[in-house]
Amino acid sequence: MNFDVPPALQTYLADLDSFIAREIQPLQDSNDNNRFFDHRREHSRTDWDNQGLPRPEWEDLLKECRRRADAAGFFRFSLPKQYGGQNESSGRGANLWMAVI
């Protein structure tokens, strides 16, 4: 068996890493948003006085991350093209790609 990661997938991963560095990391670093990204800081994301629902500022940050990822073509990656994704019969967007990502 060939366990090499296909070159197209390697390129996609590099593009995804670049997007995260360019768009998501600055968003994380602004306005004390870093508190939401630490897995030990569940309290930052959870409003315990509101039935444990996510805090509105966390939801807003996630919405902005999704908006940016969608605009860059990353958010709906595994969906078929007719739904805005990149899944192709060549395997792009299919299980191997999603497993590696």
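Leu96 touches Pro6 and Leu9, leaving aside residues up to four places away in sequence; a contact here means heavy atoms within 4.5 Å. The model is a predicted one, in which local features need pLDDT of at least 70 and side-chain atom pairs count only at pLDDT 80 or more, while totals for chains, interfaces and linings use all residues. Residues are numbered from 1 along each chain as its sequence is written, and side-chain values use heavy atoms, with hydrogens and water left out.

Leu96 sits in helix H5 (residues 95–100). Helices are DSSP runs of H or I with at least four residues, numbered from the N terminus. Between Leu96 and Leu9 there are 87 residues of separation in sequence, but 9.4 Å in space, C-alpha to C-alpha.

Together with Val5 and Val100, Leu96 makes a nonpolar surface patch of about 210 Å². Such a patch is made of residues with over 30% relative accessible area and no salt bridge, with nonpolar side chains (Val, Leu, Ile, Met, Phe, Trp, Tyr) joined within 5 Å. A salt bridge is a side-chain nitrogen of Lys or Arg within 4 Å of a carboxyl oxygen of Asp or Glu. Accessible areas come from the Shrake-Rupley method with a 1.4 Å probe. Val5 lies in the segment before H1.

**The nonpolar core**

The largest nonpolar core has 14 residues. A core of this kind is a set of buried Ala, Val, Leu, Ile, Met, Phe, Trp, Tyr and Cys residues joined through side-chain atoms within 4.5 Å. Helix H1 (7–29) and helix H4 (56–71) are the elements that give two or more residues to this core, and H1 supplies the largest share, six residues. Phe19 is among the residues with the most contacts inside the core. Beyond four places in sequence, Phe19 touches Ile24, Arg68, Ala69, Ala72 and Phe74.

**Aromatic rings**

The structure holds seven aromatic pairs. Rings of Phe, Tyr and Trp (its six-membered ring) pair if their centres lie within 6.5 Å; planes under 30 degrees apart count as stacked, over 60 as edge-to-face and the rest as tilted. Phe36 and Trp58 form a tilted pair, 5.4 Å centre to centre with 35° between the planes. This pair links distant parts of the chain, 22 residues apart: Phe36 is in helix H2 (residues 34–37) and Trp58 in helix H4. One aromatic cluster is formed by Tyr12, Phe19, Phe74, Phe77 and Trp97.

**Relative accessible area**

Buried means under 20% relative accessible area, exposed over 50%, and partly exposed in between (1.4 Å probe, protein chains only).

| Residue | Relative accessible area | Class |
|---|---|---|
| Phe36 | 1% | buried |
| Trp58 | 14% | buried |
| Val5 | 30% | partly exposed |

Technical notes:
Patches are made of residues with over 30% relative accessible area and no salt bridge: like charges are joined within 9 Å, nonpolar side chains (Val, Leu, Ile, Met, Phe, Trp, Tyr) within 5 Å.
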